[in-house]
Amino acid sequence: MNVAQNIVAGLDRILTMELVRVTERAAVAAARLRGRGDEKAADQVAVDAMREELNRLAINGTVVIGEGERDEAPMLYIGEQVGSGKGPAVDIALDPLEGTTICAKNLPNALAVIAIAEKGSLLFAPDVYMDKIAIGPGYADGVIDIDAAPAENIASLARAKGVAVSEITACILDRPRHGALIEAVRATGAAIRLIGDGDVAGVIHTTDPDETGIDIYLGTGGAPEGVLAAAALRCTGGQMQGRLILDTPQKLARAAKMGILDPKRVYRAQDMARGDVLFAATGVTDGNMLAGVKFGRNSITTHTIVLRSSSRTVREIKARHQDLEKF
């Protein structure tokens, strides 16, 4: 067996339940603070829980997308080593609580999210904005183009789907910077689902428009979140394009230190998350795709999806946990 085969075999060993436990632990921890108005506290307990569970895994993991750089984040910082150290070397992108504001206000679509890939396979993205466009699986390449006008992308997607433009729904972050984009999309006759936070969930929702009602994601959001979303799309066959917004000398210099030499490069999903990729997300609050954590008298219920790129497998796991001490 060659080195690549050994790595894939290693990913096999940590597949599914091991990865699911990581996001389940983080989601349950954050869910205990839903609606309490304390974003920092909810994020911290999710970080602590995810880190503890990650260190149980038989991997030699490096966090490449995390809570920030070492001087900004005491745990799960970029470059932190996690896992037992006995297993395959892997890159890890994570967001223990995607949608801290959502969780603090107990609004829909807060998630605990993680992606794992072979070492050197995930884009080492700086914490800047990224312009993004994404659609789900089942379309030929070239249906979307990040440099095309919103009306062109909406019309192209409608043609590819075989529906009228009025039947297309775009997901866009509700931000002042998106005012012109929102006007342009509405001018086509398409609908818009505005979200207050959580653009990883927004992109993932394009993978199952029959369930979520979202066909396309448009707009700018965090670059680290873009890498996580790209990992999910790699596993489902969706399409995504992203371009880093490096609009100051400081951002350009920081990106160069991280190995990004072409500031205008358009990254596809397969550029941001290469090779064999595993992705898992557990609902913290109720959402379009995943139910939030439910606390019963004698059990805790979680809802998770876990994906793998090499097999295009999508597993949906609804778990009732009766051993409450593990949380």
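Is Gly 238 buried or exposed? With a relative accessible area of 12%, Gly 238 is buried, where buried means under 20% relative accessible area, exposed over 50% and partly exposed in between (1.4 Å probe, protein chains only). The structure is a predicted model, in which local features need pLDDT of at least 70 and side-chain atom pairs count only at pLDDT 80 or more, while totals for chains, interfaces and linings use all residues. Residues are numbered from 1 along each chain as its sequence is written, and side-chain values use heavy atoms, with hydrogens and water left out.

Gly 238 belongs to the loop between α9 (223-236) and β9. Helices (H or I, at least four residues) and strands (E, at least two) are DSSP runs, numbered from the N terminus. In space, Gly 238 is 8.0 Å from Tyr 139, C-alpha to C-alpha, although the two are 99 residues apart in sequence.

Two strands are taken to pair if DSSP finds at least two bridges between them. Strands of a sheet pair through backbone hydrogen bonds, either parallel or antiparallel. Strand β6 (residues 169-173) and strand β8 (residues 216-222) are parallel, with two bridges; Cys 171 has Tyr 217 as its bridge partner in β8. By contrast, β5 and β9 pair in the antiparallel sense over six bridges, and Asp 131 has Arg 243 as its partner in β9. Strand β9 also runs antiparallel to strand β10 (residues 267-268), to which two bridges join it. There, the partner of Gly 242 is Tyr 267. Because five of the six residues of β9 are buried, this strand is largely enclosed by the rest of the structure.

The whole structure contains 13 salt bridges, a salt bridge being a side-chain nitrogen of Lys or Arg within 4 Å of a carboxyl oxygen of Asp or Glu. One of them joins the side chains of Asp 147 and Arg 243 (3.0 Å, N to O). This pair links distant parts of the chain, 96 residues apart: Asp 147 is in the loop between β5 (129-135) and α5 (150-161), and Arg 243 is in strand β9 (residues 239-244). Asp 147 counts as exposed because its relative accessibility is 55%.

In a further salt bridge, the closest N and O atoms of Arg 268 and Asp 271 are 3.2 Å apart. Arg 268 is partly exposed, with a relative accessible area of 42%, whereas Asp 271 is buried at 15%. Lys 294 and Asp 286 also form a salt bridge, with 2.8 Å between the closest N and O atoms. Lys 294 is partly exposed at 39% relative accessibility, and Asp 286 is partly exposed at 42%.

Asp 208, Asp 210, Glu 211 and Glu 316 form a negative surface patch. Patches are made of residues with over 30% relative accessible area and no salt bridge, like charges being joined within 9 Å and nonpolar side chains (Val, Leu, Ile, Met, Phe, Trp, Tyr) within 5 Å. Glu 316 lies in strand β14 (residues 313-321) and counts as exposed because its relative accessibility is 53%.

Note on methods: Accessible areas come from the Shrake-Rupley method with a 1.4 Å probe; for residues, only the protein chains shown count as cover. Lys and Arg count as positive and Asp and Glu as negative; His and the chain ends are not counted. The place of a charge is taken as NZ of Lys, CZ of Arg, CG of Asp or CD of Glu.
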